[in-house]
Amino acid sequence: MASEHLSKQYDNDLETLRSSVLQMGGMVESQIRSAIEAFGSGNPELINQVIATEFRVDECEVNIDNNCSHIIVKRQPAAGDLRLIMAIMKTVTDLERIGDEAEKIARMSKQIHERGKAQLNSFANIRHAAEIAVGMLRQALDAFARLDAGEAAKVIRKDLAIDNEFRSILRQLITFMMEDPRTISTALEVVWIAKAVERIGDHAKNIAEEVIYIVKGTDIRHTRFVETEQ
Amino acid sequence: MVNTMSSPTVLARPATHTDAETPVRKAEAKDLSFYYGAFQALKNIDMAVHEKKVTALIGPSGCGKSTFLRCFNRMHDLYPGNRYEGEIRFYPDDTNLLGRDVDPIEVRMRISMVFQKPNPFPKSIFENVAYGLRVRGLRSRRALEEKVEQALRGAGLWDEAKDRLQDLAFNLSGGQQQRLCIARALATDPEMLLFDEPTSALDPIATGIIEELIHNLKNKVTILIVTHNMQQAARVSDYTAYMYLGELVEFGVTDEIFIKPTKKETEDYITGRFG
């Protein structure tokens with residue numbers, strides 16, 4: 001897909017679309033970082049900022065979908081262009097859901113900190129899992145920007161690490177709850193946060209799968225493609 | 001059963017394809033080259049046309065797609081200096097359509113053609129359809145009427161034309177005239193129909209009717225169609241061949257060609273890029 005279209009306007013439209021996906025991705029990435037920071041600090045301004053960003057993310061999703069519809073109706077894209085448009089429409093859904101997860105983390109953090117200082121030492125573990133998730137998202141977006149299927153495959157392989165982190169956090173929280181039932185309310189909210197982080201990893205993996213679809217034309221969802229490619 | 005997948009230019013059908021039946025070869029170009037005098041317009045083409053399927057030929061102007069189409073019913077024989085090399089095998093009898101001993105008139109009875117612009121004869125609607133049958137020696141009025149009705153029904157024109165069969169064909173609209181030409185082509189019960197950009201002179205509604213007709217006709221005949229409209233190729237065909245500068249670049253199942261072509265040249269053409 002390196003060469004140019006006969007229509008410069010078509011090239012411009014596709015380039016604008018690709019940039020807007022990356023811009024939305026950047027917005028969502030910083031939203032997760034802020035949400036995790038808010039979980040640690042309980043800073044109400046930061047929490048409100050994460051929640052407010054969600055509206056902008058939603059707006060991006062609607063605009064990008066709308067632009068995709070315009071390109072489909074005006075250009076009838078085929079082959080690589082068609083795969084790119086289809087992948088973008090799915091990618092923005094994943095990005096929007098990542099935004100929802102970030103918002104969920106912020107709302108849970110608000111409740112945890114309003115209740116008073118939790119006696120749970122789970123922040124470090126959550127932050128570690130969140131770093132993996134954010135890393136996966138950034139790598140998936142880089143793979144999308146460069147249309148690099150190899151980089152996308154690496155993201156998919158990382159999903160296992162984040163699933164393991166989630167299980168480990170869950171085991172730790174269950175131990176806390178069994179030892180001291182007064183921690184149950186907070187521990188359940190932390191479980192939701194850990195689950196949100198784990199879901200972010202899943203969405204990053206979906207985006208990586210879409211990149212492989214654009215580049216190779218192979219739909220690898222629900223297959224063991226990456227393992228077999230190794 | 002004939003193995004239709006042995007040619008290197010034929011892509012394997014994807015495992016997920018719902019159409020499980022193995023396509024049967026109706027015709028096959030083998031190392032086909034064609035010359036307009038000294039100019040070589042087709043270069044060593046190997047391609048199969050599957051029975052009761054629609055195969056679309058796409059490519060930029062001058063790539064040889066119409067030239068290739070016209071080889072199938074020996075249209076090039078009408079001009080001096082034209083020369084074929086190679087073969088077009090036609091099944092099930094395995095005749096070489098280009099063989100010197102094969103009568104082009106017989107070939108055209110078995111393989112009919114519909115052109116870009118509707119070209120009815122300056123005769124009545126009835127006589128247009130009956131013409132080929134009369135040439136074949138059919139004289140019985142009743143048999144002619146039956147065949148004409150059958151052909152007009154096949155072309156989706158019967159309801160509009162049944163009360164005006166003696167009207168001059170030119171009184172029909174462009175889309176109706178094109179369907180009359182299809183009825184004329186169908187009257188002799190051909191095994192294969194060749195369409196050379198059959199809708200390029202028609203409006204979108206008439207185009208839609210012809211496309212629907214092509215879809216219905218493939219239950220009865222094998223269809224080879226040249227079109228400049230790639231969306232049309234994607235809509236109506238089961239297989240697509242992309243040609244460039246007289247060569248067959250890629251041939252495969254239409255869905256595959258339009259979603260995941262294997263050759264960069266094909267991708268560049270169908271996505272509207274510089275070659």
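In chain A, two helices pack along each other: A:Ile47, A:Val50, A:Ile51, A:Glu54, A:Val57, A:Asp58, A:Glu61, A:Ile64, A:Asp65, A:Cys68, A:Ile71 and A:Ile72 of H2(A) are in contact with A:Ile85, A:Ile88, A:Met89, A:Val92, A:Glu96, A:Gly99, A:Ala102, A:Glu103, A:Ala106, A:Arg107, A:Ser109 and A:Lys110 of H3(A). Two residues are in contact if their C-beta atoms, placed from the backbone, lie within 7 Å. Helices are DSSP runs of H or I with at least four residues, strands are runs of E with at least two, and both are numbered from the N terminus.

This is a predicted model, in which local features need pLDDT of at least 70 and side-chain atom pairs count only at pLDDT 80 or more, while totals for chains, interfaces and linings use all residues. Residues are numbered from 1 along each chain as its sequence is written, and chains are lettered from A and ligands numbered from 1 in the order in which they are written.

The axes of H2(A), residues 44–75, and H3(A) come within 9 Å and cross at roughly 170 degrees. H2(A) is therefore roughly antiparallel to H3(A), a term for angles over 145 degrees. The contact of these helices has 14 nonpolar, 2 polar and 8 charged residues. Here Ala, Val, Leu, Ile, Met, Phe, Trp, Tyr, Cys and Pro count as nonpolar, Asp, Glu, Lys and Arg as charged, and the others, Gly among them, as polar.

Chain A as a whole has 7 helices and 0 strands. Its C-alpha trace spans about 65 × 40 × 20 Å along the principal axes. Of the contacts in chain A with a separation of 6 or more, 81% join residues 24 or more positions apart.

Of the 230 residues in chain A, 40% are buried, meaning that 20 or more other C-beta atoms lie within 10 Å of the residue's own. A nonpolar core is a set of buried Ala, Val, Leu, Ile, Met, Phe, Trp, Tyr and Cys residues joined through C-beta atoms within 7 Å. The largest has 78 residues, and B:Ile88, B:Ala183, B:Leu193, B:Ile223 and B:Met243 touch the most other members. A second, separate core of 62 residues includes A:Ala38, A:Val57, A:Ala152 and A:Tyr213.

Finally, the two chains meet. Chain A and chain B each give 13 residues to the contact. On the side of chain A, helix H3 (residues 79–115) supplies the largest share, 4 residues. That side divides into 5 nonpolar, 6 polar and 2 charged residues.

Definitions and conventions
Axes are lines fitted to C-alpha atoms, for helices over the stretch in contact, and angles run from 0 to 180 degrees between N-to-C directions. Angles under 35 degrees count as roughly parallel, over 145 as roughly antiparallel, 65 to 115 as roughly perpendicular and the rest as oblique. A residue is buried if 20 or more other C-beta atoms lie within 10 Å of its own, exposed if 12 or fewer, and partly exposed in between; C-beta atoms are placed from the backbone.
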